[in-house]
Amino acid sequence: MSSLPVIIPKDIDKYFFNRKKEIKQINANLSLLDANIANQLLITGYRGVGKTFLLKKILNDQPNKYLTAYIDLSKVYAGQKGELTEEEVIKEILNKINKTIEEDDKTFNKIKNTISNFINQLKLKDYDLSNIKLSDIELPEIKSNYLKLSKFAMKLPQIIVDSSEDIKGFIIVIDEFQLLKSLKNPEAFFWLIRSYTQEQFNVSYIFTGSVSQTGEIIRMINGQNGAFGGRMLQFNIDPFTKDQTEKYLNERLPSLKFTDDGFERFYSCTRGIPAYINSLSSILPTDVKCDEELIKEKLLLNVDQIVIMWLYAWGTLSSIEKEIIIFMVENEPVTWALLYNELNYAKSTITKYIDSLLNKGIIEHTFDKKYILSDKMLKTWLEIKYENDGIYPA
Ligand SMILES: Nc1ncnc2c1ncn2[C@@H]1O[C@H](COP(=O)(O)OP(=O)(O)OP(=O)(O)O)[C@@H](O)[C@H]1O
Ligand SMILES: [Mg+2]
C-alpha cells in the first residue's frame with residue numbers, strides 16, 4: 001500500500017484496520033436476533049473516528065440470515081436543504097429496505113405476497129408512494145397520511161423476517177442521526193421508533209453519528225425520560241491508541257518513517273483519529289525520517305487538506321455557532337456565563353446554539369460544567385487560518 005484512504009474506500013477489507021474488540025461487542029449483541037432478542041444500539045464517537053467505516057464493515061460481514069439496510073441522514077438532509085422532515089426520513093428508510101430485498105430475488109419472491117397483503121390491510125389509499133417504488137409491487141398513492149406511511153415503514157422489516165424461514169433478523173443503521181434534532185419534533189420521532197421496536201423481536205436499529213456522549217439528543221433518545229429510557233446499548237468508539245496507531249502505520253504505510261519525537265508529534269496532532277492519521281500521513285514525505293519540525297511545517301502548509309472533513313461542516317454552521325466556536329478558540333474552557341456576558345445575545349439564543357454545538361459533537365462539557373472544543377484539529381485549523389489570513393474562515 002502506498003497511501004491511506006481519506007474517504008471510505010469501496011474495498012472495505014483492504015483498508016479496514018483492527019477494531020476487533022468493537023466488532024466482537026457489536027456482533028455479540030446483533031447475533032441475539034436469532035434468539036428473538038432485538039437490541040437497539042447507539043454508537044457515538046468523535047468526527048472521523050471511524051463509526052461509519054466500522055458499521056459498513058459490520059454490515060458487510062453479516063451472515064446471509066440477517067438482512068441489513070444503511071441510511072445516511074446527511075444525504076437526506078442535504079437533499080432537503082437542511083429542513084429534515086419525518087416523511088423524508090421514513091421514505092429513505094423504506095427506500096433502503098426496498099433496495100435490500102431487491103438485491104435478493106429469491107427472498108423477495110417469497111415475501112412479495114406477504115408485503116402485498118400487508119399493504120392492503122393498511123389501506124394506504126390516500127398515499128402517493130410513486131417515488132418510493134417497492135420493486136414491482138404496486139403501491140397505492142400517498143398524499144399526507146404520515147401515520148400510515150410510518151406504520152408501513154416501521155412494520156415492514158419484521159414482516160419481511162416473519163415471511164421467510166431463511167431470514168432471522170433485520171439490521172438497520174441510521175447514520176448521522178444527530179441530524180434528527182432538526183426535525184420539528186424529534187422526540188415524537190424517537191417515540192415512534194421506540195413504540196414499534198417494542199413489539200419487534202428481530203429488528204435491530206443502530207443509531208450513530210458524531211455527537212458528544214452528553215449531548216441533548218442522547219438524553220432525548222436514551223436518557224431517563226427519553227424514548228428508549230436507557231434501554232439502548234450505548235457504545236463509544238475511541239480513537240486509536242498510540243500503540244495501535246504505530247502498528248497501523250507500520251503495517252499499512254511502512255515507507256513512512258518517524259524519529260521518536262516525530263511520532264510523538266504525529267500522535268498528538270492526530271490524537272489517534274483515523275481520518276487525521278490518514279490525511280496527515282498522506283502529506284508527509286516517505287524518503288526521510290519525519291521529525292517534529294517537519295510535521296509542524298507540513299501541517300501549517302496543508303492544514304486545509306487535513307481538516308477536509310471540517311471544511312464542509314464549517315460551511316453549514318450558522319454565524320452565531322461560528323462566533324461561539326471562535327470565541328472558544330481564544331478563551332476555552334468557557335462557562336455559559338462567560339459566553340452570555342461576552343457575546344451579547346439573549347440567554348435563550350446562547351442556550352440554543354450551545355445545545356446545537358453539543359449535538360453536533362463540536363463542543364463538549366468538562367466535568368466542572370465548562371465547555372471545550374471537542375476537536376483540537378478544528379482549533380488548530382482556525383488558528384492557522386487566522387494567522388495566515390488575518391481573519392477567521394467565513
Ligand atoms: N478501522 C479503520 N481502519 C482504517 N481506516 C479507518 C478506520 N476507521 C476509519 N478510518 C479512516 O478514517 C476516515 C473517517 O472514518 P469514518 O468516516 O468512518 O468516521 P466517522 O466516525 O463516521 O466520522 P463522521 O462523524 O464525520 O461521520 C475513513 O475515511 C477512513 O479512511
Ligand atoms: Mg460517519
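This is a predicted model: local features need pLDDT of at least 70, side-chain atom pairs count only at pLDDT 80 or more; totals for chains, interfaces and linings use all residues.
1. R265 is partly exposed, with a relative accessible area of 23%. R265 forms a salt bridge with E292, and the closest N and O atoms are 3.4 Å apart. E292 lies in helix α13, residues 292-301, while R265 belongs to helix α11, so the bridge ties together parts that are 27 residues apart in sequence. E292 has 27% relative accessibility and counts as partly exposed.

2. Helix α11 also has a helix partner to look at. It spans residues 260-270 and packs with α12, residues 274-282. The angle is about 130°, and the axes are 9 Å apart. The two helices are therefore oblique to each other, since an angle counts as roughly antiparallel only over 145 degrees. The crossing of α11 and α12 is right-handed.

3. Which residues of α11 and α12 meet? From α11 come F266, C269 and T270. From α12 come Y276, I277, L280 and S281. Five residues of this contact are nonpolar and two are polar; no charged residue takes part.

4. Helix α7 covers residues 146-162 and helix α8 covers residues 186-197. Their axes come within 10 Å and cross at roughly 45°. That makes α7 oblique to α8. This crossing, too, is listed by hand: α7 and α8 cross right-handed.

5. The α7 side of that contact consists of Y146, S150, K151, M154 and K155. The α8 side consists of F189, L192, I193 and Y196. By class, the contact holds six nonpolar residues, one polar residue and two charged ones.

6. Back to charge pairs. The salt bridge count comes to 16. One of them joins the side chains of E332 and K379, at 2.7 Å from N to O. This pair links distant parts of the chain, 47 residues apart. E332 sits in the loop between α16 (319-331) and α17 (336-343), and K379 sits in helix α19, residues 376-389. Are these two residues buried or exposed? E332 counts as buried, at 16% relative accessibility. K379 counts as buried at 17%. The cut-off for buried is under 20%.

7. K57 and D61 form another salt bridge through their side chains, at 2.9 Å from N to O. K57 counts as buried, with 14% relative accessibility. D61 counts as partly exposed, with 42%. Salt bridges that share partners join D13, K57 and D61 into one network.

8. The last point concerns a glycine. Where is G45 found? G45 is in the loop between β1 (41-44) and α3 (51-60). This residue is buried, with a relative accessible area of 6%. Its C-alpha atom is 7.7 Å from that of Q213, although G45 and Q213 are 168 residues apart along the chain. Neighbours within four places in sequence aside, G45 is in contact with K51, G209, S210, V211, N236 and I237.

Key:
Residues are numbered from 1 along each chain as its sequence is written. Chains are lettered from A and ligands numbered from 1 in the order in which they are written. Side-chain values use heavy atoms; hydrogens and water are left out. Axes are lines fitted to C-alpha atoms, for helices over the stretch in contact, and angles run from 0 to 180 degrees between N-to-C directions. Helices (H or I, at least four residues) and strands (E, at least two) are DSSP runs, numbered from the N terminus. Angles under 35 degrees count as roughly parallel, over 145 as roughly antiparallel, 65 to 115 as roughly perpendicular and the rest as oblique. A crossing is left-handed if the near helix is turned anticlockwise from the far one by less than a right angle, and right-handed if clockwise. Contact means heavy atoms within 4.5 Å. Ala, Val, Leu, Ile, Met, Phe, Trp, Tyr, Cys and Pro count as nonpolar, Asp, Glu, Lys and Arg as charged, and the others, Gly among them, as polar. A salt bridge is a side-chain nitrogen of Lys or Arg within 4 Å of a carboxyl oxygen of Asp or Glu. Buried means under 20% relative accessible area, exposed over 50%, partly exposed in between (1.4 Å probe, protein chains only).
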